[in-house]
Amino acid sequence: MTGSGLVEGFMTVLDTFTAQDMIVNGVSTFFAQTVFKDKVRFDKHPTFPTDSGGDVFIKKGKDSVKVVFNKPYDAVPAISATLSIDNPSLEAQILDADYSYAVVKKTADGFSIKLNKLAQDDLKFSWTAIQTQ
């Protein structure tokens with residue numbers, strides 16, 4: 001095809017499709033691995049699956065919480081966790097408690113967040129997990 005073209009309905013490409021510039025309107029679904037050979041820019045916030053991040057609580061009187069991924073990663077992902085304080089009235093109390101914590105027992109199936117002592121209140125942790133090459 002040269003010049004402009006319009007495809008309505010489904011289009012099946014059996015080998016390679018090459019285009020200098022391409023605009024797709026609507027939802028696009030890729031059924032196999034997709035490789036981007038250059039920078040990728042998102043003009044809006046991307047949405048990732050629940051295995052890529054979330055919030056968990058270490059309950060009062062406990063010192064750890066376990067996170068299990070819905071689908072195991074291919075390898076152990078890079079995992080970060082942050083103590084989050086949503087209630088301003090508890091901010092000083094939680095900070096004065098001098099908690100230390102670590103991400104432990106990392107596997108492709110999940111991980112745990114471990115405190116240095118028992119939680120005096122329910123503690124919220126926000127976490128992210130990404131797999132790198």
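**Pockets, sheet and salt bridges in a predicted model**

The lining of the largest pocket comprises 17 nonpolar, 13 polar and three charged residues, where Ala, Val, Leu, Ile, Met, Phe, Trp, Tyr, Cys and Pro count as nonpolar, Asp, Glu, Lys and Arg as charged, and the others, Gly among them, as polar. The model is predicted, with local features requiring pLDDT of at least 70 and side-chain atom pairs counted only at pLDDT 80 or more, whereas totals for chains, interfaces and linings use all residues. Residues are numbered from 1 along each chain as its sequence is written, and side-chain values use heavy atoms, with hydrogens and water left out.

The largest pocket has a volume of about 2000 Å³. Its lining is made up of 33 residues, and Phe 17, Met 22, Val 24, Ser 28 and Phe 30 are those nearest the centre of the pocket. A pocket is here an open set of points on a 1 Å grid over the protein atoms alone, where a 1.4 Å probe fits, with protein on both sides within 12 Å along at least five of seven lines; lining residues have an atom within 4 Å of a point. Grid points are joined across faces, edges and corners, and the volume is the space filled by probe spheres set on the points. The second largest pocket holds about 390 Å³. Ala 32, Gln 33, Thr 34, Phe 42, Thr 47, Phe 48 and Pro 49 line this second pocket, a set of four nonpolar, three polar and no charged residues.

An open sheet is formed by three strands in the order E1-E6-E3, with antiparallel pairing. Strands are DSSP runs (E, at least two residues), as are helices (H or I, at least four), and both are numbered from the N terminus; two strands pair if DSSP finds at least two bridges between them. Strands E1 (53–58) and E3 (78–84) are the edges, each pairing on one side only. Neighbouring strands are turned by 25° against each other on average, direction ignored, with axes given by lines fitted to C-alpha atoms. Strand E6 (residues 123–130) is joined to E3 by seven bridges, and Lys 124 in E6 is the bridge partner of Ser 84.

Five salt bridges are found in the whole structure, each defined by a side-chain nitrogen of Lys or Arg within 4 Å of a carboxyl oxygen of Asp or Glu. Lys 124 forms one with Asp 55, at 3.8 Å from N to O. Because Lys 124 lies in strand E6 and Asp 55 in strand E1, this pair ties together parts that are 69 residues apart in sequence. Lys 124 also forms a salt bridge with Asp 86, the closest N and O atoms being 2.5 Å apart. Asp 86 lies in the loop between E3 and helix H1 (91–96), so this contact links parts 38 residues apart in sequence. Through shared partners, Asp 55, Asp 86 and Lys 124 are joined into one network.

Key. Axes are lines fitted to C-alpha atoms, for helices over the stretch in contact, and angles run from 0 to 180 degrees between N-to-C directions.
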